[in-house]
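Subject: Structure handover

Hello,

Here is the structure I said I would pass on. My notes on it follow below.

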Amino acid sequence: MIVVLLLLFVATCHHVCDALSATPSRRDFLETSIISSTIAVASSPAVATTTSSSSSPLTLPPLGLGAWAWGDSLFWGYDPRKDDELKEVFDYAVSKNAFFDTAEAYGLGRSEELLGKFRNAAPKEEGDKVMIASKFAAYPWRTKRGDVVKACAASVKRLGQPIDLYQIHFPNAWANEEYWEGLGDAFDQGLVKAVGVSNYGIDAMHACHAKLASRGINLYSNQIQMSLLYRWPLENGLLDACKELDVKVLSYSPLALGFLTGKYRKDSLPSGPRSKIGTRLYEDPEAYENLLGVMKDIAGKYDAAPSQVAVNWARAKGTIPIPGARTINQAKQNLAALEWTMTKADEMRLDEASVMVTGFVTPDASPFPPKDINTGLKMFDS
Ligand SMILES: NC(=O)c1ccc[n+]([C@@H]2O[C@H](COP(=O)([O-])OP(=O)(O)OC[C@H]3O[C@@H](n4cnc5c(N)ncnc54)[C@H](OP(=O)(O)O)[C@@H]3O)[C@@H](O)[C@H]2O)c1
């Protein structure tokens with residue numbers, strides 16, 4: 001049995017490595033995202049865009065704050081000396097009724113620990129308001145439903161509170177059905193208020209939805225990459241499929257890792273893994289610069305920042321964006337997106353400009369297994 005598992009793991013690694021080698025920029029982003037963690041909506045904040053389901057009392061706010069960078073050294077170069085500023089970001093986000101998106105894999109638990117620590121330090125009234133979405137890492141060696149419950153309990157311990165939304169972080173090449181049972185068990189045991197998936201394609205989402213429904217549990221959400229530079233879910237039907245199932249969409253990397261904030265230019269690209277993505281974007285500078293120009297123009301109309309344009313475009317598509325922020329200025333700027341809503345004409349201008357841009361990461365080089373090798377189920381679309 002162990003030999004079989006090892007063989008399957010090696011086979012998966014081969015598959016992943018093949019996929020990773022296809023698009024270096026995508027490889028740098030996703031590989032580091034996973035490895036650094038493995039081996040490593042509305043015009044007012046008070047208005048929620050989501051509705052509760054019969055099995056889930058959760059109503060998620062229209063905007064979240066991504067906490068991947070909080071504790072992650074490999075991709076984001078986390079510096080513990082800046083924890084005081086992260087606490088400031090935390091307090092500000094809570095005051096604005098944003099929720100936090102984290103994962104057991106981010107900084108190997110550090111992101112969850114920081115959130116738990118900041119919550120404990122907050123006045124009770126504020127601490128009680130904290131809403132957290134976290135994730136189970138579908139590592140190849142995790143094959144049992146009990147693995148989900150165990151990991152979930154460990155996350156709850158680090159966070160010091162039940163999890164509002166618990167998501168399967170990414171598909172595995174096997175054991176996916178076990179994970180869905182595990183999600184259901186975590187829900188039944190009261191460890192979490194709602195359950196979701198992440199990086200799931202259409203077929204996998206349908207299958208998970210059906211499995212949970214057979215236990216009377218609602219699949220609350222699918223967290224997927226979507227931004228003006230990553231439009232695949234709009235184009236391959238995934239976004240529509242989520243809407244048809246009434247599965248909320250949490251759009252991750254809505255600022256395209258900072259490339260939609262307007263602060264990077266050809267001669268001032270970010271260092272580390274993101275530099276290669278920037279280099280690729282500048283292989284066709286005209287389309288990318290044009291998009292940034294349109295964003296700046298729209299931002300000017302609302303006396304807003306380009307990052308808010310990126311966030312509000314994702315809201316206009318019916319998703320709940322979770323932009324990452326690690327400085328108080330970033331958090332203030334991004335959360336202020338809730339103070340205005342773009343017009344349909346703005347949205348269309350942005351669509352027209354963004355479809356022309358190539359060079360950002362693409363789904364074909366994703367490290368996620370496209371299929372469950374045991375069931376043949378297609379797991380990942382974009
Ligand atoms: N489910 C998944 O597989 C998955 C994958 C990726 C991300 N996520 C989630 O989605 C969240 C957000 O995605 P992300 O962090 O990958 O990327 P993102 O939100 O597209 O970009 C975040 C980065 O952009 C820069 N930034 C943010 N606000 C800014 C502003 N107002 N002005 C200028 N720069 C700004 C910051 O980087 P600098 O400080 O370095 O400039 C920040 O860390 C993550 O934290 C995580 O919770 C999930």
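Which helix gives the largest share of the shell around the ligand? Helix H14 (residues 328–335) does, with three residues. Helices here are DSSP runs of H or I with at least four residues, strands are runs of E with at least two, and both are numbered from the N terminus.

This is a predicted model: local features need pLDDT of at least 70, side-chain atom pairs count only at pLDDT 80 or more, and totals for chains, interfaces and linings use all residues. Residues are numbered from 1 along each chain as its sequence is written.

There are 30 residues around the ligand, and Gly 66, Trp 68, Tyr 252, Leu 255 and Gly 324 come nearest. A residue counts as near if its C-beta atom, placed from the backbone, lies within 6 Å of the molecule.

The chain has 15 helices and eight strands. Of its 382 residues, 51% count as buried, meaning that 20 or more other C-beta atoms lie within 10 Å of the residue's own.

In helix H11 (residues 274–281), the buried residues are Arg 274, Ile 277, Gly 278 and Leu 281. Seen down the axis of H11, they fall within an arc of 100 degrees, so they line one face of the helix. The arc is taken from the directions from the helix axis to the C-beta atoms.

Leaving aside neighbours within four places in sequence, Leu 183 is in contact with Val 148, Tyr 166, Ile 168, Val 195 and Leu 212. Contact here requires C-beta atoms, placed from the backbone, within 7 Å.

Regards

Definitions and conventions. A residue is buried if 20 or more other C-beta atoms lie within 10 Å of its own, exposed if 12 or fewer, and partly exposed in between; C-beta atoms are placed from the backbone. Two residues are in contact if their C-beta atoms, placed from the backbone, lie within 7 Å.
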